[in-house]
Amino acid sequence: MSPAAASPEVKGNLKPRPPPSQSPATSSSSSKRSSEMGATKARQSAGFVTRIKDFLFINLVPLGTSPAQIPSNLFQLAVFHIYHTVLIFLHIILSFYYLFARQYYRAKNNFLAFLYHHHRTPQLIAQDIKGLAKTPQHVGIILNYKENEEGGGIEGLMEQVADVVSWSIGACVKTLTVYERTGKLNKLHEATYKVINRTLKSYYGETIPVVKLSTPHDKTVYPEEMATDPDIDIAFISQQDGREFLVELTREFAYKAAKGEFEPSKLTVDNVDRLANQLVITEPELIVLFGPKLDLDGFPPWQIRLSEIYYAPYNNSVTYNVLLRGIRRYSKCKINVGR
């Protein structure tokens, strides 16, 4: 019998079934499952935030940044990247500037080397310095010993000295100081003398100028006996004649003053200057560097107080036009001696 045909009494006895009751174990497992899902969502949210933070504060920070410089908040991060962008921009500008400067100076050096060439003719050298207001009588040059490069070694160094000596004689230079930091040529006077004379013959023929070589540190001279006065004096010095000489001189003064053999009141600039001129070299009027940058490489500091210093940027060879440009720069310089 269908419910619709049931009597009112039967309908009154029909009641909805209550939902099945859950046991305590089932309820606890459901709540545990819900808490695990919440924890998982929280971990996922925390992981997302961590990834965003790592991306902003670690991945966007350049490698090699000190941990102490890594920003800890968004403001510091913004300031960091502003500074970093400015530095990158400046780096790019300087890179282009140095690239342009290097190409410009190399082209300039090559053009001047072509324009001013001695052609092993002393008359051309004399013509190049003709009309200058003044020319240096004492020139110092700084050479670099190159072991494994083309034209390097001891023989290459001797050839460079011989070339500069030939140009200097043509430019009426009376004293040439050759500085090489390690002093490779200080004890090779005879071999250097032969190379210089051989080079001078290519300029002057069989009648060559007379040269004299010396090393002030060892007090050696070559040749020891000369029939005539030399046309040019060549002195070889090294780093031993620079700061080391001043240190030894100071120790000697201190030792004599402690023994009562020297009065400290006599230690004046003039006395030190006189000793430096006697024991090492006199002060060059012009110092020419044949390197690509301004680096005196330990040249005696006491002897350069009033010297005009010249170098050609991005030049890395011993060439005549660099020496000529140095002499022309010297002819225009004005030396002011203070009191």
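## Strands β1 and β2

Strand β1 (residues 138-143) and β2 run parallel and are joined by 6 bridges. Within this pairing, glycine 140 stands opposite threonine 177 of β2. The model described here is a predicted one.

## Helix α6

Helix α6 comprises 16 residues, 189-204. Glycine 205 follows the helix and has a positive phi, near 80°.

The buried residues of α6 are His189, Thr192, Tyr193, Val195, Ile196, Asn197, Thr199, Leu200 and Tyr203. The elements against which these buried residues pack include two helices, α4 (122-129) and α5 (153-170). They also pack against the strands β3 (211-215), β4 (220-222) and β5 (232-237).

Rolling a probe the size of a water molecule over the atoms shows where empty space is left. In the whole structure, a search finds 4 cavities of 30 Å³ or more. The largest cavity has a volume of about 90 Å³.

The lining of the largest cavity is formed by Ile142, Leu143, Asn144, Lys146, Gln160, Phe290, Gly291, Asn316, Ser317 and Val318. Classified by residue type, this lining contains 4 nonpolar, 5 polar and 1 charged residues.

## Two buried loop residues

Phenylalanine 262 is located in the loop between α7 (243-258) and α8 (269-279). Its relative accessible area is 17%; because the cut-off for a buried residue is under 20%, phenylalanine 262 counts as buried. Apart from neighbours within four places in sequence, phenylalanine 262 is in contact with Phe253, Lys256, Ala257 and Leu267. The C-alpha atoms of phenylalanine 262 and glutamate 252 are 9.8 Å apart in space, with the two residues 10 apart in sequence.

Glutamine 303 occupies the loop between β6 (286-289) and β7 (308-311). With a relative accessibility of 2%, glutamine 303 is also classed as buried. When residues up to four places away in sequence are not counted, glutamine 303 touches Ala276, Val280, Ile281, Thr282, Glu283 and Pro284.

Key
Residues are numbered from 1 along each chain as its sequence is written. This is a predicted model: local features need pLDDT of at least 70, side-chain atom pairs count only at pLDDT 80 or more; totals for chains, interfaces and linings use all residues. Side-chain values use heavy atoms; hydrogens and water are left out. Helices (H or I, at least four residues) and strands (E, at least two) are DSSP runs, numbered from the N terminus. The expected span of a helix is 1.5 Å times one less than its number of residues. Buried means under 20% relative accessible area, exposed over 50%, partly exposed in between (1.4 Å probe, protein chains only). Contact means heavy atoms within 4.5 Å. On a 1 Å grid over the protein atoms alone, a cavity is a set of points where a 1.4 Å probe fits but cannot get out, and a pocket is an open set with protein on both sides within 12 Å along at least five of seven lines; lining residues have an atom within 4 Å of a point. Grid points are joined across faces, edges and corners, and a volume is the space filled by probe spheres set on the points. Ala, Val, Leu, Ile, Met, Phe, Trp, Tyr, Cys and Pro count as nonpolar, Asp, Glu, Lys and Arg as charged, and the others, Gly among them, as polar. Two strands pair if DSSP finds at least two bridges between them.
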